[in-house]
Amino acid sequence: MKTGRRIAATLAALAVLTVVIVTAARAHTMFLKLDSFFLEPNSTATVALINGDFDKSENAIARDRMLDVSVVGPGGVVHPPQSAWRDSAVFHWSPDSVDTAVLTFQTGDPGTYLIGVSTAARVITMSAEDFNEYLVHDGITDLIEQRAKAGKTNDEATERYSKHVKALVQVGDARSDEWAHELGYPVEFMPLSNPYELGRGDELRLRFLRAGRPVANQLVYANHEDHHGHDAAGEHVEAVTTRTNADGVATIPLSGTGRWYVRTIHMVETTSEADVDYESNWATLTFQVR
């Protein structure tokens, strides 16, 4: 009974903190972001690899972390070389700030293009306090509960993490099927329809895959740049919080226009490495709604 009461108390305390700040996308999330996701055919374009939140990158990603960079269009799959990347302060007012990796690429024929970046895994060890705060900040609420039930809330944690991001871009007016191309990343959002055939008021359905298999009951967040909701504490609230169904499919109501992101973190306990407690794989998908 005492153990049950301790778990309940721990969950209650963490739940209060979660309500306040869980729904804001915090630092560390990675996105592919363009000034506009609508591009002209046969033109030069740039896309920023944001590592922070959707509005601000905290650091430029090193090239040796990029295991895969793919641009998929009607003409096939292109893997841009490292020379196509540069570090820039494109998203900051300060000319001395260089914290965003920017890819320059060429569009070809009209169509719906897919851009993807997959990073190598890294390992980090955190104190119990820092790890619990991170779980709350990034909305990994299932693991908060699991740790509490297992009596691990006060344990430090070593995490192996990697990030896998995609963007869908519309080039010209014609649609094509590249939006459905599977990149084979460790985790990946797979839309079930072309977002550029949808508009405000429609629903985007997408399947979340882990190692190529659908993941049920996965917590998924989505937001768009015109959404400015806040909770009772004044914290920013994302437009959509949902879970995948038994087939791994999440439904995102497209409640507004502008640039959108969908994000999730798949984190599990692991015994595959002696010195690693948890493995996480991060996934985002970005696009734009007119």
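In the predicted model, the secondary structure of the protein chain comprises three helices and 19 strands. The chain has 290 residues, of which 52% count as buried, and it exposes about 13200 Å², with carbon and sulfur atoms supplying 48% of that area. When contacts between residues at least 6 apart in sequence are considered, 70% of them join residues that are at least 24 apart.

Side chains of opposite charge can pair when their charged atoms come close. The structure holds nine salt bridges, among them the pair formed by the side chains of Lys152 and Glu269, with an N to O distance of 2.6 Å. Because Lys152 is placed in the loop between helix 3 (141–149) and strand 11 (157–171), whereas Glu269 belongs to strand 18, this pair ties together parts that are 117 residues apart in sequence. Lys152 is partly exposed, at a relative accessible area of 27%, and Glu269 likewise counts as partly exposed, at 46% relative accessibility.

A further salt bridge is formed by Lys166 and Glu188, whose closest N and O atoms are 3.0 Å apart. This pair links distant parts of the chain, with Lys166 in strand 11 and Glu188 in strand 12 (residues 187–191), 22 residues apart; both Lys166 and Glu188 are buried.

Arg210 and Glu279 also form a salt bridge, in which the closest N and O atoms are 3.6 Å apart. Arg210 lies in strand 13 (residues 203–210) and Glu279 in strand 19, so that the pair ties together parts separated by 69 residues in sequence. Arg210 is partly exposed, with a relative accessible area of 24%, and salt bridges that share partners join Arg160, Arg210 and Glu279 into one network.

Apart from its neighbours within four places in sequence, Thr29 is in contact with Ile50, Asn51, Gly52, Asp53, Asp138, Arg263, Trp282 and Thr284.

Note on methods: Residues are numbered from 1 along each chain as its sequence is written. This is a predicted model: local features need pLDDT of at least 70, side-chain atom pairs count only at pLDDT 80 or more; totals for chains, interfaces and linings use all residues. Side-chain values use heavy atoms; hydrogens and water are left out. Contact means heavy atoms within 4.5 Å. Helices (H or I, at least four residues) and strands (E, at least two) are DSSP runs, numbered from the N terminus. Buried means under 20% relative accessible area, exposed over 50%, partly exposed in between (1.4 Å probe, protein chains only). Accessible areas come from the Shrake-Rupley method with a 1.4 Å probe; for residues, only the protein chains shown count as cover. A salt bridge is a side-chain nitrogen of Lys or Arg within 4 Å of a carboxyl oxygen of Asp or Glu.
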